[in-house]
Amino acid sequence: MPAQSGREKAYAFLKETVLTDPDMQGRFLTEQEIADRIGISRTPIREALLLLAAEDLVQLVPKRGAHIAPLSGREITELMELRGIVERYAAEHTIEAGTVPVAKLMELLDRQRELMGPDQAKEFIAIDHLFHATMVAAVGNELLNRHYEGLRSRQIRAGVVALYNHTGRQEEVLGEHRAILDAVASGDREAARTAISAHLESTLKVLLTG
């Protein structure tokens, strides 16, 4: 595997570490600040920020830097709507095709159960995304996979904020995931749709009420 370029290193660091940090929401980042944190020159950082701006994940403001705008109510609502469309389809398709990855989903739920507490919130949400992405991947549609993976950064940002905003949200997520798993494992398409919708609606409610 070839070594990461400076731009790729900066892009990955910003997307996976900085953008998903609740304390960074609403802050401005400078190229020099990022350079100091990860030890590379400013040019690849500028290139990485341009990529993130093209994805509408940061806003570049002259003389101030890159603004990490908190997800708006509209963005959060649209994210949950889009997730619902993809995830309900994936559940129905894999049930019908007999390709529900039950063992993998059970393993991920067990891993998530071991990541309780605020110190492990980001890892908890990373596994949360993987739980849903595993179901989507089981459809076997690469274009759908790439589309869903494109939502990852926003999903993780929203998920971490939800955990910080609402005491007990981790336990609720585990229960909601268990309901989804039970439904798809039993082959009940209607129950799966209902469980996925309930999970996304409860997440949306937590995020919008703050």
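Visitor: Which helices and strands each supply at least two residues of the lining of the largest pocket?

Guide: This is a predicted model, where local features need pLDDT of at least 70 and side-chain atom pairs 80 or more, while totals for chains, interfaces and linings use all residues. Residues are numbered from 1 along each chain as its sequence is written, and side-chain values use heavy atoms, without hydrogens and water. Helices (H or I, at least four residues) and strands (E, at least two) are DSSP runs, numbered from the N terminus. The elements asked for are α2 (31–38), α3 (42–54), β2 (59–61) and β3 (65–67).

Visitor: Which element gives the most to that lining?

Guide: The lining of the largest pocket has 15 residues, with E31, L49, L60, G65 and A66 nearest the centre. With four residues, the top contributor is α3.

Visitor: Is G98 buried or exposed?

Guide: G98 sits in the loop between α4 (73–97) and α5 (102–113). Buried means under 20% relative accessible area, exposed over 50%, and partly exposed in between (1.4 Å probe, protein chains only). Because its relative accessibility is 65%, G98 counts as exposed.

Visitor: What radius of gyration does the protein chain have?

Guide: The radius is taken over C-alpha atoms, and the globule rule is 2.2 Å times the number of residues to the power 0.38. For 210 residues a compact globule would have a value near 17 Å, which agrees with that of the protein chain, 18 Å.

Terms used:
On a 1 Å grid over the protein atoms alone, a cavity is a set of points where a 1.4 Å probe fits but cannot get out, and a pocket is an open set with protein on both sides within 12 Å along at least five of seven lines; lining residues have an atom within 4 Å of a point.
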